[in-house]
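Morning, everyone. Please look at the screen while I walk you through one structure.

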Amino acid sequence: MKLTILGGGGFRVPLVYAALLADHAEDRVTAVTLYDTDTDRLTAVARVLADQAAGVEDAPVVLATTELDEALRGADFIFSAIRVGGLAGRAADERVALDEGVLGQETVGAGGIAYGLRTVPVAVDLARRIARLAPHAWVINFTNPAGLVTEAMSRHLGDRVIGICDSPVGLGRRIARVLGADPERAWIDYAGLNHLGWVRGLYIDGRDELPRLLADPELLGSFEEGKLFGTEWLRSLGAIPNEYLHYYYFNREAVRAYQDAERTRGAFLRDQQEGFYARMKDPAAPAFPTWDRTRAEREATYMSENRDVAGAGERDESDLESGGYEHVALALMRAVARDERTSLILNVRNRTTLTVLDADAVVEVPCLVDANGAHPVTVAPLPYHAVGLVTAVKAVERAVLDAAESGSRSAAVQAFALHPLVDSVSVARRLVDGYTKVHPGLAYLNRP
Ligand code: G6P
Ligand code: MN
């Protein structure tokens, strides 16, 4: 099988390759094509992969290219992991929002909207091109904001595009672990949008074990989400929210912490990765160790401002290994390629799963996966407060898709103004002005 990675010079590509190296089945991926617009980044990442492959007999062959059409043709699977505007763009998304006193984050609030407005037109071009050149390929979207970008692509690729995120799996794994259960055997009742979902139950052999966790303050306070949200709030909710809900439930504190930080997350990663890619230009630099050290530092500092706000301390050892993205992607690819039925929490079109949303809305829910793709499973309805957030944010996403399609500035203003974390239409207008000033990629917003 041939796998193509769009954004193949990206920092997290070695994680994917490590997962592929561990797969020795007959119909595994044997060829990986890395596509990127930047040759230096491609060369750097290819060096890390070569180190990883050393001594592995059946290691997938790696090809790097800046020719998109060549990369797409003949692909069985396409991973889309692009970052429009690079990490400098992410840092600018954060800065403009924080200067207006609202959240600047890659996927949540004003920052996520700006990133979405910049990314959707590019993702749509890719989707169109894939539909033409690789109509039978399965597309796995890693690109953030993952739910919105998957929905944009699904308008051209239908159910052949599936969005992934590791945060629901990570959350399910942590809950299972504190309950002393095997994460592989647990059925996780999780529903919402990407980075906006809740675990409402965790079933082992048909029995919901979540009430046992909610009833035990010590257990509840012993893992990441317990520390982040506080046990009292989790008990009051009766559910365990995705970590990204910290930006909603503790918005003021998170905004202040991000404003006070010496560097925003995007600025930190921008500098960190500039250093990594610069070091990789020296042929004497050891590729894998340099990459791995950088990766470990990135993992250790993930959401550190939020954890500081909550007094949550360091991340748990078991959460530091890696994000787990690559495992979700590989499990999904295997299930589709080999018709090995499995269940995974994925971003797919809603159909009739969440009754408050229309059929084409991309949602993040448990799915059964087989050779025909990912099929969302019926879940219990969301409670009203979750309905409020999910429908409000879906309306924001639709306004982003509108703006991206029409170039309409007022649709862009609407996207910001409708977001629950943007508190005034005037702020929304200034955000559109501010973002269009710093991002050449938003020049298309030139219609009233
Ligand atoms: C989590 C999120 C991803 C995000 C990743 C890295 O895994 O689910 O969407 O890309 O963290 O975050 P970072 O802040 O390190 O870029
Ligand atoms: Mn994610």
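Let me start with a question: where is the place of aspartate 339? It is in the loop between helix H17 (325-338) and strand E11 (342-349). Keep in mind that this is a predicted model. Phi of aspartate 339 is near 55 degrees, which is a positive value in a residue other than glycine. And how accessible is aspartate 339? Its relative accessibility is 46%, so it counts as partly exposed.

Now a second residue with a positive phi. Histidine 195 is not a glycine either, and its phi is near 60 degrees. You will find histidine 195 in the loop between E7 and E8. Is histidine 195 buried or exposed? It is buried, because its relative accessible area is 5%, and the cut-off for buried is under 20%.

Stay with that histidine, as we now come to the metal. Which residues coordinate the manganese ion, ligand 2? They are Cys165, through SG, and His195, through NE2, at 2.3 to 2.4 Å. These two come from distant parts of the chain, 30 residues apart. Cysteine 165 sits in the loop between strand E6 (161-163) and helix H7 (167-178). Histidine 195 sits between strand E7 (187-193) and strand E8 (196-204). Cysteine 165 and histidine 195 are both buried.

One more backbone feature. Asparagine 144 and proline 145 are joined by a cis peptide bond, with omega about -10 degrees. Find proline 145 in the loop between strand E5 (138-141) and helix H6 (146-157).

Next, the domains. The chain is divided into domain 1 (2-163), domain 2 (168-249) and domain 3 (252-309). Let's take domain 1 against domain 3. Their centres, taken over C-alpha atoms, are separated by 20 Å. Domain 1 brings 25 residues to the contact, and domain 3 brings 24 residues.

How much area is buried between domain 1 and domain 3? About 2200 Å², and carbon and sulfur atoms give 66% of that. Three names to remember on the domain 1 side are Phe11, Arg47 and Leu87. Together they supply 33% of the area that domain 1 buries against domain 3, more than any other three residues.

Side chains of opposite charge can pair when their charged atoms come close. How many salt bridges does a search of the whole structure find? The search finds 33. Let's visit a few of them.

Take aspartate 23 and arginine 338. They form a salt bridge, and their closest N and O atoms are 2.8 Å apart. Aspartate 23 is in the loop between H1 and strand E2 (31-35), while arginine 338 is in helix H17, so this pair ties together parts 315 residues apart in sequence. Aspartate 23 is buried, at 6% relative accessible area. Arginine 338 is buried too, at 18%.

Next come arginine 351 and aspartate 159. In this salt bridge the closest N and O atoms are 2.8 Å apart. Arginine 351 lies in the loop between E11 and strand E12 (362-370), and aspartate 159 lies in the loop between H6 and E6, so parts 192 residues apart in sequence are tied together. Arginine 351 counts as partly exposed, at 33% relative accessibility. Aspartate 159 is partly exposed as well, with a relative accessible area of 33%.

Another pair is aspartate 205 with arginine 185, where the closest N and O atoms are 2.7 Å apart. Aspartate 205 is in the loop between E8 and strand E9 (207-208), and arginine 185 is in the loop between H7 and E7, 20 residues apart. Is aspartate 205 buried or exposed? It is exposed, with a relative accessible area of 67%. Arginine 185 counts as partly exposed, at 47%.

Last stop, a network. Salt bridges that share partners join Glu151, Asp358, Lys394, Glu397 and Arg398.

Notes: Residues are numbered from 1 along each chain as its sequence is written. Chains are lettered from A and ligands numbered from 1 in the order in which they are written. This is a predicted model: local features need pLDDT of at least 70, side-chain atom pairs count only at pLDDT 80 or more; totals for chains, interfaces and linings use all residues. Side-chain values use heavy atoms; hydrogens and water are left out. Donors are N, O and S atoms within 2.8 Å of the metal (3.2 Å for Na, K and Ca); water is not among the atoms, so sites may look incomplete. Helices (H or I, at least four residues) and strands (E, at least two) are DSSP runs, numbered from the N terminus. Buried means under 20% relative accessible area, exposed over 50%, partly exposed in between (1.4 Å probe, protein chains only). Domain bounds come from an automatic or database domain assignment. Contact means heavy atoms within 4.5 Å. Buried area is the accessible area (1.4 Å probe) that two parts lose on being put together, summed over both. A salt bridge is a side-chain nitrogen of Lys or Arg within 4 Å of a carboxyl oxygen of Asp or Glu.
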